[in-house]
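Subject: Structure handover

Hello,

Please find the structure below. My notes on it follow.

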Amino acid sequence: MARKIIFDTDPGVDDAMALLFVLNSPEIEIIGLTTIFGNSNVDATTRNALNLLDFAGRSDIPVAKGANVPLVIAPHPTGEFVHGDDAMGNIGWQHLNNPNVHEVDQHAAQFIVEQVMSQPGEITLVPVGPLTNIALALQLEPRIAKKVKEVVMMGGSVLHAGNVSPLAEANIHNDPHAAALVFRAEWPITMAGLDVTEMVQMNAAYFDELAAGSNRFGQFIRQIVAYYQQFHLDWYGMPNGEVHTHDPSAIAYLIDPSIYVGHQWPIMVATDGPAIGATIADRRLRFWKSPKVNCLMQVDGKRLLDLYRTRIRA
Ligand code: BDR
Ligand code: CA
């Protein structure tokens, strides 16, 4: 039986790459998309979510709009400089492509609570943006911690340098207080952070392979990724059209966890000072009593890239 997930997302170029990966993977059934600010404001990420589902012919999947601001801190600028003005690589997605599709009339946090409580033990939450919706759902109904099957998230970093500050990864940095609540809850969490996502790179030749044979998903990915490639060249000096494999990594773990090696460490999140947004792991298992997180620390990059190619081209 397919594993049911709620995909909490801020599309976002790599969010779109992850979503198309899920939609072509029979092991996973998306029961809903919840949207969050991050790569753009929540109106834009919701529009992108609806447009992506319309493009994929999957407008049957409900979309619930979530938070537009973090729990406590003042919002940081959203991520258009990485993902383009439309957060979809400047392909001109300023409006809904199909005026007949709409988000559901329920806040993302409420949607999460209702779905998890009505299907105990069945739903995996897969957040690949700031953790605000997940934290709001926990505040609304703390019992969801015992009712979800698992949380598999993209964000954070144990040993790898940060990508928005010396220590912080963007999703956690955008709402550190939400992340702190999520890591304090007693539920099984896997964290696909920069330790693994920056170790796998897709390059220009790989995107050509995805698009070969007029593959529709592959051609779309090659189109939206151009702006993201330019960012990776400008920011990291990656010369061959390489991009980091962030959000698709959470999906790869769901499909085949044996691609990764994880370590069970408690995580605390810095909520102020120069380390704000850092996910600090107690690697000696000595100092903190908070729940252990499955921190992914090694990845078989070839297997991940092979899996992604196979699924997108299916
Ligand atoms: C994360 O930040 C966003 O820009 C990406 O979509 C990804 O979820 C990487 O740090
Ligand atoms: Ca994202």
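**What I found**

Ala87 sits in the loop between helix H3 (80-83) and helix H4 (108-118). Helices here are DSSP runs of H or I with at least four residues, strands are runs of E with at least two, and both are numbered from the N terminus.

First, the ground rules. This is a predicted model, in which local features need pLDDT of at least 70, side-chain atom pairs count only at pLDDT 80 or more, and totals for chains, interfaces and linings use all residues. Residues are numbered from 1 along each chain as its sequence is written, chains are lettered from A and ligands numbered from 1 in the order in which they are written, and side-chain values use heavy atoms, with hydrogens and water left out.

Ala87 counts as buried because its relative accessibility is 0%. Buried means under 20% relative accessible area, exposed means over 50%, and partly exposed lies in between (1.4 Å probe, protein chains only).

Asn90 is also in the loop between H3 and H4. Its phi is positive too, near 55 degrees. Asn90 has 41% relative accessibility, so it counts as partly exposed.

There is a cis peptide bond as well. It joins Pro11 and Gly12, with omega at about -5 degrees. Gly12 belongs to the loop between strand E1 (3-9) and H1. For context, most residues other than glycine have a negative phi, and most peptide bonds are trans.

**The calcium site**

Which residues coordinate the calcium ion (ligand 2)? Asp10 (OD), Asp15 (OD), Asp15 (OD), Val128 (O) and Asp247 (OD) do, at 2.3 to 2.6 Å. Donors are N, O and S atoms within 2.8 Å of the metal, or 3.2 Å for Na, K and Ca; water is not among the atoms, so sites may look incomplete. Along the chain, the donors of the calcium ion follow the spacing D-x4-D-x112-V-x118-D. Asp10 and Asp15 are both buried.

**Ligand 1**

Ligand 1 sits in the largest pocket. A pocket is an open set of points on a 1 Å grid over the protein atoms alone, where a 1.4 Å probe fits, with protein on both sides within 12 Å along at least five of seven lines. A molecule sits in one if more than half of its atoms lie within 2 Å of its grid points.

The residues around ligand 1 include Asp14, His83, Met154, Glu169 and His246. Asp15, Val128 and Asp247 also belong to this shell. The cut-off for the shell is a heavy atom within 4 Å.

Three polar pairs stand out:

- A polar side-chain atom of Asn39 is 2.8 Å from an oxygen atom of ligand 1.
- A polar backbone atom of Val128 is 2.9 Å from an oxygen atom of ligand 1.
- An N or O atom in the side chain of Asn171 is 3.0 Å from an oxygen atom of ligand 1.

On its own, ligand 1 has 280 Å² of accessible area, and the protein covers 93% of that. These areas come from the Shrake-Rupley method with a 1.4 Å probe. Helix H1 (13-23) and helix H7 (170-174) are the elements that give two or more residues to the shell.

Ser157 is placed in the loop between strand E5 (150-154) and H7. Ser157 counts as buried because its relative accessibility is 4%. Its side chain reaches the backbone oxygen of His160 at 2.6 Å.

Ala168 is found in the loop between E5 and H7. Its relative accessible area is 0%, so Ala168 is buried.

Glu141 lies in the loop between helix H5 (132-140) and helix H6 (144-147). With 14% relative accessibility, Glu141 counts as buried. A polar contact of 2.8 Å joins its side chain to that of Arg143. A polar contact is a pair of N or O atoms within 3.5 Å; within protein, one must be able to donate a hydrogen and the other to accept it, and residues adjacent in sequence count only if both atoms are side-chain atoms.

How many residues of H12 are buried? Nine of its nine are. Among them are Asp247, Ala250 and Tyr253. Ala250, in helix H12 (residues 247-255), has a relative accessible area of 0%. Ala250 and Met153 are 97 residues apart in sequence, yet 6.0 Å apart in space, C-alpha to C-alpha.

Best wishes

Note on methods. On a 1 Å grid over the protein atoms alone, a cavity is a set of points where a 1.4 Å probe fits but cannot get out, and a pocket is an open set with protein on both sides within 12 Å along at least five of seven lines; lining residues have an atom within 4 Å of a point.
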